[in-house]
Amino acid sequence: MSEERYGEFVLVRRHGHVAELVLDRPKAMNAVSTEMARSLAGACTALAADREARVVVLTSSHERAFCVGADLKERNSFSDADLVKQRPVARGAYTGVLELPMPTIAAVHGFALGGGFELALSCDLIVADPTAVVGLPEVSVGVIPGGGGTQLLPRRVGAARAAELIFTARRLDAAEAAGLGLVDQLVEEGRDREEALALAARIAGNSPVGLRAAKRALRLGHGLDLRAGLEVEDAAWRSVAFSGDRAEGVAAFNEKRKPEWPGE
């Protein structure tokens, strides 16, 4: 296992074809400061271009929190001009995770609030343990979910449920979050990271070309009418139909062996 650090607060660990993207600001429960946001965006840019990374798992180094959201202590010192200047930096962190081209999984325990929950929502799947507490409380401090929450949450749970959760600013425990579909898999306490990495390893055994194309079709097709969505799917199919991965996959199936994906 190799490690690479991006700034002081973000770490990437390699587990074969699985990249673990670690939020590593434990003294602040991973509150997203300007520096941390910049580092997270930089790590995502590097991962997006990495053809060896087939799946990314977003984890936390803090025992009691995934991420508590924006660094409000830092924000408290901002002038209006500072806040305007920081906005594209903050957005870069959230869109960096959201736009990763490979499948992504968030491993959540403890607090995942505001921007912290938005980072999880930016992933394709969320694995959580029973200690998880999630929510988008931004209206309680005079702002709105600005890391994608107003758009990502209704895509998971529907417009009315998202409105209730955002307008009340309430926190949900793991059981309610799982019941409403805010998290996808509830695992034993303390095993969110291990189970997310295991799920990632299973996914990473599949064609990297196929995985990226499937994610692209899922993302781009969402919200379109059926006919338009099927055109998105067809374009994604055409992008893989003549690939080396497709040829290897068919050959391996017929030869009853494990594929050796060329990744192209």
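Tutor: Let us begin with burial: a residue is buried under 20% relative accessible area, exposed over 50% and partly exposed in between, with a 1.4 Å probe and protein chains only. This is a predicted model, in which local features need pLDDT of at least 70 and side-chain atom pairs count only at pLDDT 80 or more, while totals for chains, interfaces and linings use all residues. Residues are numbered from 1 along each chain as its sequence is written, and side-chain values use heavy atoms, with hydrogens and water left out.

Student: Is H109 buried or exposed?

Tutor: H109 has a relative accessible area of 10%, so it is buried. Helices (H or I, at least four residues) and strands (E, at least two) are DSSP runs numbered from the N terminus; in these terms H109 sits in the loop between β6 (104-108) and β7 (111-113).

Student: Which residues does H109 touch?

Tutor: Contact means heavy atoms within 4.5 Å. Leaving aside residues up to four places away in sequence, H109 touches S60, H62, E63, R64, A65, F66, D129, T131, A132 and D192. For E63, which is 46 residues from H109 along the chain, the C-alpha atoms of the two are separated by 7.9 Å.

Student: How is the packing of two helices to be read, and at what angle do α1 and α3 cross?

Tutor: Axes are lines fitted to C-alpha atoms, for helices over the stretch in contact, and angles run from 0 to 180 degrees between N-to-C directions. Angles under 35 degrees count as roughly parallel, over 145 as roughly antiparallel, 65 to 115 as roughly perpendicular and the rest as oblique. The axes of α1 (residues 34-48) and α3 (residues 80-98) cross at roughly 40° and come within 8 Å. That makes α1 oblique to α3.

Student: What is the handedness of this crossing, and which residues meet?

Tutor: A crossing is left-handed if the near helix is turned anticlockwise from the far one by less than a right angle, and right-handed if clockwise. The crossing of α1 and α3 is left-handed. From α1, T34, A37, R38, L40, A41 and C44 meet Q86, V89, A90, G92, A93, G96 and V97 of α3. The residues of this contact comprise 8 nonpolar, 4 polar and 1 charged; Ala, Val, Leu, Ile, Met, Phe, Trp, Tyr, Cys and Pro count as nonpolar, Asp, Glu, Lys and Arg as charged, and the others, Gly among them, as polar.

Student: How do α5 and α6 pack?

Tutor: Helix α5 (residues 149-157) and helix α6 (residues 159-168) have axes 7 Å apart, at an angle of about 130°. The two helices are therefore oblique to each other, and their crossing is right-handed. In the contact, G149, T150, L153, P154 and V157 of α5 meet A159, R161, A162, L165 and I166 of α6. By class there are 7 nonpolar, 2 polar and 1 charged residues.
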